[in-house]
Amino acid sequence: MKKQQLVSAVSVLLNRGQDDNTGIFTNRNHDNMVRELQNYIEMNKSHLGGNVILNFAQAMNDHGVDLILEIPDRVKIGFQIKSHYDVTEDNFAANVKRQFAESFAHGLDKWILIICAPLHDGIKDREPRIAHLINEMSMFKTNMFAIYNPRHAAALFQQMNALSDTDFNAEYQKLANIEDSEADTLKLLQKLLNTEDQSTAKSYLSRRSIATATPPKTLSKMNAVLNWNLTEDELKGTLDSCLPYLKRLESLTPQSREFLTGFLERAEPSDGDEKMRALCHDVENHLRSSTATCKKEIEVLAQNEMAYYDKDWDQDTFVSGNAGVGWPIVVSLVEFARHEQISLDKIFSEMNFSLLD
């Protein structure tokens, strides 16, 4: 099956009709519902063919996705479930749109939102809020996402059984998908991010492409530009110590690498030129990111010893880390890039360390 056929097949699994009994979602646990969806897809994966991999995305690096379905080299679909609690939050609609933009970090072919919340919870009528979000999202003329309202979700969660080949094939023939153009996708992201700046939208679009690190072979150019004057043997030792940092970079999601890049674009050397520092609010403004999003990203980088938060002279500051490398590699990389007028994105996001040769 081709990519769009697989997306259609997943749509068949999710389309189980409608049910008005949305009260089943009152105060229902979010993570339990994600597990139920995972189990349901698992029991029907024969309809998808190929090597179906399901990953439960958790904690602070989920980037707008609760569950990821992947068939390597063919399709990657992300699911986001919104619970009763999520719908009651004041910034419900804004959160959903932000999470859709953040989901680009996973390189998805499709993002699917399932709203598992009661339309009426005995306290307030939630239907207008949910309808408003769906109407807003429907204005984005794109096939990159799909939304299942609470009535669809109620039918799905009460029919989580294995579909017969006959039932599945009958529904499958009704569906067709059309791929979006890049121009349409850019317009969509500009609306989601509320910006006229196409370069910002393009940076989000680039997250769909999974970058592969290109290691350096000699570091000869870096040696010359930074006046290290290292011998061939000394340079080899530096090269060997450089590779673990590159491996750490590659382990990050594209969005985390983009955050690191944006932070370093605003940073300057300090502590005797051993580290790079930038004020948190400068980074937030530069990346058009919320404080909460930046906090999540800095926690991810801190786990990898690549950056951390600090209080510097009573100012909130982000500080670079060298991921265990025994010399100030980040300061050196930034100095080299600025001297050669190379975009930091090429080094820290695209991981093209061959530029150092």
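This is a predicted model: local features need pLDDT of at least 70, side-chain atom pairs count only at pLDDT 80 or more; totals for chains, interfaces and linings use all residues.
A residue counts as buried when its relative accessible area is under 20%. Glu 297, at 2% relative accessibility, therefore counts as buried.

**Glu 297 and its surroundings**
- Glu 297 belongs to helix α14, which covers residues 291–303.
- Leaving aside residues up to four places away in sequence, Glu 297 touches His 63, Gln 255, Ser 256 and Phe 259.
- Ser 256 and Glu 297 are 41 residues apart in sequence, and their C-alpha atoms are 6.1 Å apart in space.

**Helix α11**
- Helix α11 has 20 residues (232–251), which at 1.5 Å a residue should span 28 Å; the C-alpha atoms at its ends are 29 Å apart, which agrees.
- Buried in α11 are Leu 235, Thr 238, Leu 239, Cys 242, Tyr 245, Leu 246 and Leu 249.
- The packing partners of the buried α11 residues are α10 (220–225), α12 (254–265), α15 (329–340) and α16 (344–349).

**Where α4 and α5 cross**
- The axes of helix α4 (residues 92–102) and helix α5 (residues 127–138) come within 10 Å, crossing at roughly 35°.
- The crossing of α4 past α5 is right-handed.
- From α4, Phe 92, Ala 93, Val 96, Lys 97 and Phe 100 meet Arg 129, Ile 130, Leu 133, Glu 136 and Met 137 of α5.
- Seven nonpolar and three charged residues make up this contact of α4 with α5, with no polar ones.

Technical notes:
Residues are numbered from 1 along each chain as its sequence is written. Side-chain values use heavy atoms; hydrogens and water are left out. Helices (H or I, at least four residues) and strands (E, at least two) are DSSP runs, numbered from the N terminus. The expected span of a helix is 1.5 Å times one less than its number of residues. Buried means under 20% relative accessible area, exposed over 50%, partly exposed in between (1.4 Å probe, protein chains only). Contact means heavy atoms within 4.5 Å. Axes are lines fitted to C-alpha atoms, for helices over the stretch in contact, and angles run from 0 to 180 degrees between N-to-C directions. A crossing is left-handed if the near helix is turned anticlockwise from the far one by less than a right angle, and right-handed if clockwise. Ala, Val, Leu, Ile, Met, Phe, Trp, Tyr, Cys and Pro count as nonpolar, Asp, Glu, Lys and Arg as charged, and the others, Gly among them, as polar.
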